[in-house]
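Reader: I've got a new model open and I'd like to learn how to read it feature by feature. Where do we begin?

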Amino acid sequence: MRLLIVLHHRFELWNAPDWVPTRLRQDFSNLEVVHLKNYDEIDREIVDAEVAVLWSLRPEQLRAAKRLRWIHSPAAAVHALMIPEVIASDIVVTNASEVHGHVVAEHAVAMVFALSKRLHRTMHYQHARTWGQNQLWDERPRPRELRGATLGVIGLGAIGREVARMANAIGMNTLAVREHPERGSAPALQVVGFESIDEVLGRSDFVVLAAPLTPKTRACINADRLRAMRPEAYFVNVSRGALVDEPALIDALRNSRIAGAALDVFANEPLSGDSELWSLPNLIITPHSAAATENLWERHYQLLAENLRRYKSGEPLLGVVDKQKGY
C-alpha cells in the first residue's frame, strides 16, 4: 500500500516533520510512504497512491489517482477538499477535528477570559507605562465576572463541545447552535438550530464561533447578526474567517455596537498590514495560532496510525467527513 503525504505551508508547524514518515515505515510493514515537502511532484506521485494526506486536490489530480481510496486532512476544516469530483467519488475523507478540538477550545476560552478581564486594555496601559487602574474602571464595559455569564457557542463539534464543557466548569451558562439540535444539548444548557441563531446571539454575553465552513455558514455573522448582539457582548472566532463579514464586524467594533472581539482567523491570511482590524482598540488579534502546540504532530500521528490500522483491517475509520454536508 502506498501512502502519499503532501503538506506545504509557510508556517513550519503545519508541515509534517520528517519523523512522521520514518515512524510510519517502522510501525507498518508493507507500507510505502512518499513524503513531498512541496507540490512539484504531486501529479506524478499521486497516480499510485491508495491513501493521501493533504489539504486540497485539483480535479485533474483526482482523475489521475485511479487507486486513491482514502484522503486524510490534518485540518479540522475540509472545505478545500470538497470539490464536486471528490464529493461524487467513493473516496473516504477524514479530518483531524478531534486532534485540534481541545487545543483550539483552550484558546477560545482564554480569549473569553482576556476580554472579560479587559487584558487587551491592560496591555495598552503597560506599553504606555501607565498605571491604568482608574482608566480601566472608568472605561465601558468594565471588567466582569464569568461565573453566571451566558456563553453562546455557534457549532457544537469537537471545538464547540469542549468550549461548552470548560465554560460549564467555570460556572457559565452555555447556549449552543448546531445543525442538528435533535442530537442533544450536552454539554450545553440549551441547544437550538441555526434558524434560532439570532435568539442565542441576543441572550449571550460572549459568543464563540466554532462552526465549519459550508455554503450555509459562509458570512453567517453579518451586519444583521451583529446587531442581534448586545452592546456589552463579546465575539470570538476560532473557526474560519469566511464565516464573518469582516467589514460589518469592523463597523460594529468601531461604533461600539458590540463590546469587543478576539479573532484567530481572517478572510485573507496573513492579515495585511493595512487592514483596519489592526487599529481597533477593542479587538484582540492572534495569528491563526489557536491550534499551535508542541504536541500537535504526536496527536496527528496517533490518529493517522489508528486509522491506518483500521483501514488495513476493514474497520470504520475515525473522523469520517460527511461529504454532502462538508464536515
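This is a predicted model: local features need pLDDT of at least 70, side-chain atom pairs count only at pLDDT 80 or more; totals for chains, interfaces and linings use all residues.

Reader: Okay. Is L308 buried or exposed?

Author: L308 has a relative accessible area of 0%. Buried means under 20%, so L308 counts as buried.

Reader: Which residues is L308 in contact with, leaving aside its neighbours within four places in sequence?

Author: M1, L3, L24, F28, L31 and W70. For a sense of how sequence and space part ways, take L308 and P21: they are 287 residues apart in sequence, yet their C-alpha atoms are 13 Å apart in space.

Reader: Let's move to α1, then. Which of its residues are buried?

Author: V20, P21 and L24. Look down the axis of α1 and these buried residues fall within an arc of 95 degrees, so they line one face of the helix. The cover over them includes β1 (2–6), β2 (32–36) and α12.

Reader: Now aromatic rings. What do I look at when two of them meet?

Author: A pair of aromatic rings is described by the distance of the centres and the angle of the planes. A search of the whole structure turns up four aromatic pairs. One of them is W19 with Y301, a tilted pair with 5.9 Å from centre to centre and 50 degrees between the planes. W19 belongs to helix α1 (residues 19–27) and Y301 to helix α12 (residues 296–313), so this pair links distant parts of the chain, 282 residues apart.

Reader: How accessible are W19 and Y301?

Author: W19 is partly exposed, at 35% relative accessible area, whereas Y301 is buried, at 3%.

Reader: And which of the pairs is stacked?

Author: F206 with Y234 is one: the ring centres are 5.4 Å apart and the planes are at 15 degrees, so the pair is stacked. F206 lies in strand β9 (residues 206–209) and Y234 in strand β10 (residues 234–237), so the pair ties together parts 28 residues apart in sequence. Both F206 and Y234 are buried.

Reader: Next, strands. What should I know about their side chains?

Author: In a regular strand the side chains alternate between the two faces of the sheet. Strand β11 (residues 260–263) is covered on both faces: G260 and A262 are buried on one side, A261 and L263 on the other. β11 pairs with β10 in the parallel sense over four bridges, and A261 is the bridge partner of F235.

Reader: Why would you call strand β7 largely enclosed?

Author: Because four of the five residues of β7 (residues 173–177) are buried, the rest of the structure largely encloses this strand. β7 pairs with strand β6 (residues 150–154), again in the parallel sense, over five bridges. In that pairing, T150 stands opposite N173.

Reader: One last stop, a loop. Where is N15 found?

Author: In the loop between β1 and α1. A polar atom of the N15 side chain lies 3.4 Å from the backbone oxygen of F11. Leaving aside neighbours within four places in sequence, N15 is in contact with L7, H8, H9 and W297.

How values were computed:
Residues are numbered from 1 along each chain as its sequence is written. Side-chain values use heavy atoms; hydrogens and water are left out. Rings of Phe, Tyr and Trp (its six-membered ring) pair if their centres lie within 6.5 Å; planes under 30 degrees apart count as stacked, over 60 as edge-to-face and the rest as tilted. Helices (H or I, at least four residues) and strands (E, at least two) are DSSP runs, numbered from the N terminus. Buried means under 20% relative accessible area, exposed over 50%, partly exposed in between (1.4 Å probe, protein chains only). The arc is that of the directions from the helix axis to the C-beta atoms. Contact means heavy atoms within 4.5 Å. A polar contact is a pair of N or O atoms within 3.5 Å; within protein, one must be able to donate a hydrogen and the other to accept it, and residues adjacent in sequence count only if both atoms are side-chain atoms. Two strands pair if DSSP finds at least two bridges between them.
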